[in-house]
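Here's a quick briefing to read with the model open. Grab your viewer and follow along by topic.

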Amino acid sequence: MSLLELEDLKVHFPIKRGVIFDRTVGHVYAVDGVSLSVESGQTYGLVGESGCGKTTLGRAVLRLNEITSGAVKFDGTDLAQLPREQMRQARRRLQMVFQDPMGSLDPRQNVESILVEGLHAHGIGSNRTERRQRIQRTLDAVGLPSAALARYPHEFSGGQRQRIGIARALVLEPDLIICDEPVSALDVSIQAQVLNLLEEIQDELGLTYLVIAHDLAVVRHISDVIGVMYLGSLVEEAGSDMLYAEPKHPYTKALMSAVPVPDPQVEDARERILLSGDLPSPAAPPPGCRFHTRCPWKQDTLCATERPQLRVLSEGHKVACHWAEKIEAGEITPRSEAVISA
Ligand SMILES: Nc1ncnc2c1ncn2[C@@H]1O[C@H](COP(=O)(O)OP(=O)(O)OP(=O)(O)O)[C@@H](O)[C@H]1O
Ligand code: SF4
Ligand SMILES: [Mg+2]
């Protein structure tokens, strides 16, 4: 069963100009028509380059960004339509863990007061002892000692601070946690520990995750399903193993070709696909397929004029490319100058 379903979600930020009157002179099309479902108890990994709209999407689910159009169905209720007070109540069930644990934790509050804040806001626990017990259980679950309660964020290492961030989300016993780049501020050696912790907690509590990252390696082993975003849209979605074994969209193929392979023989034969040009601005996305300005497989028809829909190519594998079948069959190959030996 889907716990979270986005239907054609759009978040457009107005670009304002003018000294006296705020005139809207354009929009940043940060999220521009994303549909996806996250199954209960599973992890959906959302990846894509910086600026493609991942954080905006995550924040829109919690209505921290205003939704321009579309639906955010959480457990059957469209959050986009909820009155403010009901949305506030719904937030207990949807929590977010942020990239920068230092920036997202108030340095003047000790851990106990950081964790108790949400309990107070949602009226959880009838007295101090009850709240403290709940906080202690949560600290235990994230591997922090109860001595941590009286300490302040700066007294912890980066990995420990991220554990506090996770505890702050967890203490409210949510159903869904959106983890926005949960490990990208951490040393590589600590990243695996925090990812393992997220997995352990999920197994124990049956939580559902939406994990956002720009790094394919981060989402790979934690995700059941992965969605690849480019300029505000999903270009490909598949089960994690399937996506890695057989990327079908040109953009995913290019991203994947940059990842080194551990097997030396395979690595020697690996070809990299280079993308030409810069990522276009989301304030002026290209017409047609958003990727056509950089796509080594681009064709003279359709690509520059018609926006491809995300469609099912094979069971459990969706791709937004007009030419996906022909590319898969090898009938269309990338321009030779875009392919180099790794
Ligand atoms: N409040 C805002 N007002 C105007 N534009 C915004 C706002 N928030 C984000 N944007 C723009 O929307 C686009 C998407 O930003 P977003 O932060 O969602 O990207 P991201 O995929 O999370 O990138 P990163 O990997 O760098 O975190 C960017 O062009 C960004 O500048
Ligand atoms: S639709 Fe065209 S430009 Fe877009 S990914 Fe497919 S081949 Fe490339
Ligand atoms: Mg972001």
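How far apart do the end C-alpha atoms of residues 4-256 lie, and how much of the span is helix and strand? Those end atoms are 27 Å apart, and the span is 37% helix and 28% strand. Keep in mind that this is a predicted model, where local features need pLDDT of at least 70, side-chain atom pairs count only at pLDDT 80 or more, and totals for chains, interfaces and linings use all residues. On naming, residues are numbered from 1 along each chain as its sequence is written, while chains are lettered from A and ligands numbered from 1 in the order in which they are written.

**Record and domains**

- The unreviewed UniProt entry lists residues 4-256 as "domain: ABC transporter"; UniProt positions are given in the numbering used here, feature names are shortened, and annotations may be inferred rather than shown by experiment.
- The protein chain splits into domain 1 (2-245) and domain 2 (246-342), with bounds that come from an automatic or database domain assignment.
- Taken over C-alpha atoms, the centres of domain 1 and domain 2 are 29 Å apart.
- Across the boundary, 25 residues of domain 1 are in contact with 21 residues of domain 2 (contact: C-beta atoms, placed from the backbone, within 7 Å).
- On the side of domain 1 that touches domain 2, the elements giving two or more residues are E2, helix H8 (216-220), E9, E10 and helix H9 (240-245); helices (H or I, at least four residues) and strands (E, at least two) are DSSP runs, numbered from the N terminus.
- E10 supplies the largest share of that side, seven residues.
- By class, that side of domain 1 has 15 nonpolar, seven polar and three charged residues (Ala, Val, Leu, Ile, Met, Phe, Trp, Tyr, Cys and Pro count as nonpolar, Asp, Glu, Lys and Arg as charged, and the others, Gly among them, as polar).

**The open sheet**

- Four strands make an open sheet in the order E2-E1-E4-E5, with antiparallel pairing; two strands pair if DSSP finds at least two bridges between them.
- The edges are E2 and strand E5 (77-78), each of which pairs on one side only.
- E1 and E2 run antiparallel and are joined by 13 bridges, and Ile-15 has Gly-26 in E2 as its bridge partner.

**Strand E3, covered on both faces**

- In strand E3 (residues 43-47), five of its five residues are buried (buried: 20 or more other C-beta atoms within 10 Å of its own; exposed: 12 or fewer; partly exposed: in between; C-beta atoms are placed from the backbone).
- Thr-43, Gly-45 and Val-47 are on one side of E3, Tyr-44 and Leu-46 are on the other, and all are buried.
- E3 runs parallel to strand E8 (residues 208-213), with five bridges between them; Thr-43 has Tyr-209 as its partner there.
- E3 also runs parallel to strand E9 (residues 225-230), through four bridges, and Leu-46 is partnered with Gly-227.

**Ligand shells**

- There are 13 residues around ligand 1, and Phe-13, Ala-30, Ser-50, Thr-55 and Thr-56 come nearest (near: C-beta atom, placed from the backbone, within 6 Å of the molecule or strand).
- Strand E2 (23-39) and helix H1 (54-61) each bring at least two residues to the ligand 1 shell, with H1 giving the most, three residues.
- The ligand 1 shell has five nonpolar, seven polar and one charged residues.
- Around ligand 2 there are also 13 residues, with Cys-289, His-292, Cys-295, Cys-303 and Cys-321 nearest.
- The ligand 2 shell divides into nine nonpolar, three polar and one charged residues.

- Asp-8, in strand E1 (residues 2-17), has phi near 50°, a positive value in a residue other than glycine.
- Is Asp-8 buried or exposed? Asp-8 is exposed, because 11 other C-beta atoms lie within 10 Å.
- Leu-231 sits in the loop between E9 and strand E10 (233-239), and its phi is near 45°, again positive in a residue other than glycine.
- Leu-231 has 24 other C-beta atoms within 10 Å, so Leu-231 is buried.
- Val-319 lies in strand E13 (residues 317-319) and counts as buried because it has 28 C-beta neighbours inside 10 Å.
- Val-319 and Glu-236 are 83 residues apart in sequence, but their C-alpha atoms are 4.4 Å apart in space.
- Leaving aside neighbours within four places in sequence, Val-319 is in contact with Glu-236, Lys-248, His-249, Arg-311, Leu-313 and Ala-324.

Key:
Contact = placed C-beta atoms within 7 Å.
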